[in-house]
Amino acid sequence: MGGHGNLNLLPRSTTRPRTGGTGTGAVGSSPCRYSIHYRSASKVAAGRRSAATSVSCSAASSQAPPSQSTIKVVIVGATKEMGRAAIAAMSRARGMELAGAIDTQCIGMDARELSVMDEAPEIPVLNDLTMVLDSIAQTRATGVVVDFSEPSSVYDNVKQPVYTQATTFGLSSVVYVPKIEMDTVTELSAFCDMASMGFLVAPTLSIGSVLLQQAAIEASFHYNNVEIVESRPNPSDLPSPDAIQIANNISDLGQIYNRQDMNSDNPARGQVLGEDGVRVHNMILPGLASSTLVVLSGPGEVYTLKHDVTDVQSLMPGLILAIRKVIQLKNLIYGLEKFL
């Protein structure tokens, strides 16, 4: 990400929710594992409190009342792994219905062939988002577009005239973009304000990842040594967006980390992210689960936060939660954590 991770793009009013809530909205069990290991017996309770504490955020008075009808969901990027998992999740989610599958590949294929689905009507894969949105607008149904396309195309999708017109009838958007420039988010925010469009930009849809980041923020106020260790099955995009987000979140908080060798240029010490001394180390091991480990320490103790993702299904509870919440908005928010 090009900018700082704490962009304050929140709904325009509402009260602050209590910190620490999860509100997963999960459908079925998740293969996502989230664990905390705390080595000081005298502070177990404090560790648990920190892991449960969330970043406070404001909610919106400009929220529109949620529709009681079925939410019609359009998946953009339907043939990707995330898209196929989302199609299956829509067929199982209460109060949701797959209304469109958009992609540039497998045109004409029945979306049911892309994923294991429960009973569902035939939905062909199309490459015309405008036609699908126009159909939803004409029925005045509550609709949500879930966009898994490339970050560079997200803004162009949203600016389509029919997209804006359909917001009058309840269309909202959930955009999953692990790497998106903050300038683009700012432009999208201004556009959504003018169109009164509910919109979520989500760098991650993993509830466990969000909880890890929130716990790391709380813990960073109490420890002055912190390192991030992550593993991924392939070397693309390292350090990962998760590591960059964590480093951004715990920077500029008045802490300087790892003072003992903050200026060390020894490659074995890992890469420094930001200006406050946060270091990240990467492992590329085929067959190893995608894992993010945050290790903080103080005199006589080590506090460890760890999150593993073993399957794309771990992102589906966060997606279902996002769809249910975004229809209540009339502007853009950044980050799934605003819904927890």
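# Reading a predicted model, term by term

Visitor: In which helix does Ala 86 lie?
Guide: Ala 86 belongs to helix α2, where a helix is a DSSP run of H or I with at least four residues, a strand is a run of E with at least two, and both are numbered from the N terminus. This is a predicted model, in which local features need pLDDT of at least 70 and side-chain atom pairs count only at pLDDT 80 or more, while totals for chains, interfaces and linings use all residues. Residues are numbered from 1 along each chain as its sequence is written, and side-chain values use heavy atoms, with hydrogens and water left out.

Visitor: Why is Ala 86 called buried?
Guide: The word buried stands for under 20% relative accessible area, exposed for over 50%, and partly exposed for what falls in between, with a 1.4 Å probe and protein chains only. Ala 86 has a relative accessible area of 0%, and therefore counts as buried.

Visitor: Which residues are in contact with Ala 86, leaving aside its neighbours within four places in sequence?
Guide: They are Ile 75, Phe 148, Met 316 and Leu 319, where contact requires heavy atoms within 4.5 Å. Ala 86 and Ser 115, which are 29 residues apart in sequence, have their C-alpha atoms 8.8 Å apart in space.

Visitor: What makes Leu 319 stand out in the largest nonpolar core?
Guide: A nonpolar core is a set of buried Ala, Val, Leu, Ile, Met, Phe, Trp, Tyr and Cys residues joined through side-chain atoms within 4.5 Å. The largest such core has 44 residues, and of these Leu 319 and Ile 323 touch the most other members. Among the elements that give two or more residues to this core are β2 (71–76), α2 (81–92), β3 (96–102) and α9, and α9 gives the most, with 7 residues. A second, separate core of 20 residues includes Val 226, Ala 247, Leu 273 and Val 278. As for Leu 319 itself, its contacts beyond four places in sequence are with Ala 86, Met 90, Val 146, Phe 148, Val 174 and Leu 205.

Visitor: How do you know that Gly 318 counts as buried?
Guide: Gly 318 lies in helix α9, which covers residues 316–326, and its relative accessibility is 0%, so Gly 318 counts as buried. Apart from neighbours within four places in sequence, Gly 318 is in contact with Leu 205, Ile 207 and Leu 336.

Visitor: What makes Val 74 count as buried?
Guide: Val 74 is placed in strand β2, and because its relative accessibility is 0%, Val 74 counts as buried. Residues that Val 74 touches, not counting those up to four places away in sequence, include Ala 99, Leu 129, Val 132, Ile 136 and Val 145.

Visitor: Why are the buried residues of α3 said to line one face of the helix?
Guide: The buried residues of helix α3 (residues 129–139) are Leu 129, Val 132, Leu 133, Ile 136 and Ala 137. Seen down the axis of α3, they fall within an arc of 135°, so they line one face of the helix; the arc is taken from the directions between the helix axis and the C-beta atoms. An α-helix has 3.6 residues a turn, so residues three or four places apart point the same way.

Visitor: Is Arg 140 buried or exposed?
Guide: Arg 140 has a relative accessible area of 61%, and is therefore exposed. Arg 140 is found in the loop between α3 and β5, and has a positive phi of about 55° although it is not a glycine. Asn 258, in the loop between α8 (241–249) and β9 (271–273), is likewise a residue other than glycine with a positive phi, near 55°. With a relative accessible area of 4%, however, Asn 258 is buried.

Visitor: How many disulfides does a search of the whole structure find?
Guide: A disulfide is a pair of cysteine sulfur atoms within 2.5 Å, and the search finds 0 of them. Cys 106 is called partly exposed because its relative accessible area is 35%, whereas Cys 192, with a relative accessible area of 0%, is buried.

Visitor: What percentage of the residues of the protein count as buried?
Guide: Of its 340 residues, 52% count as buried, and the protein has 9 helices and 13 strands.
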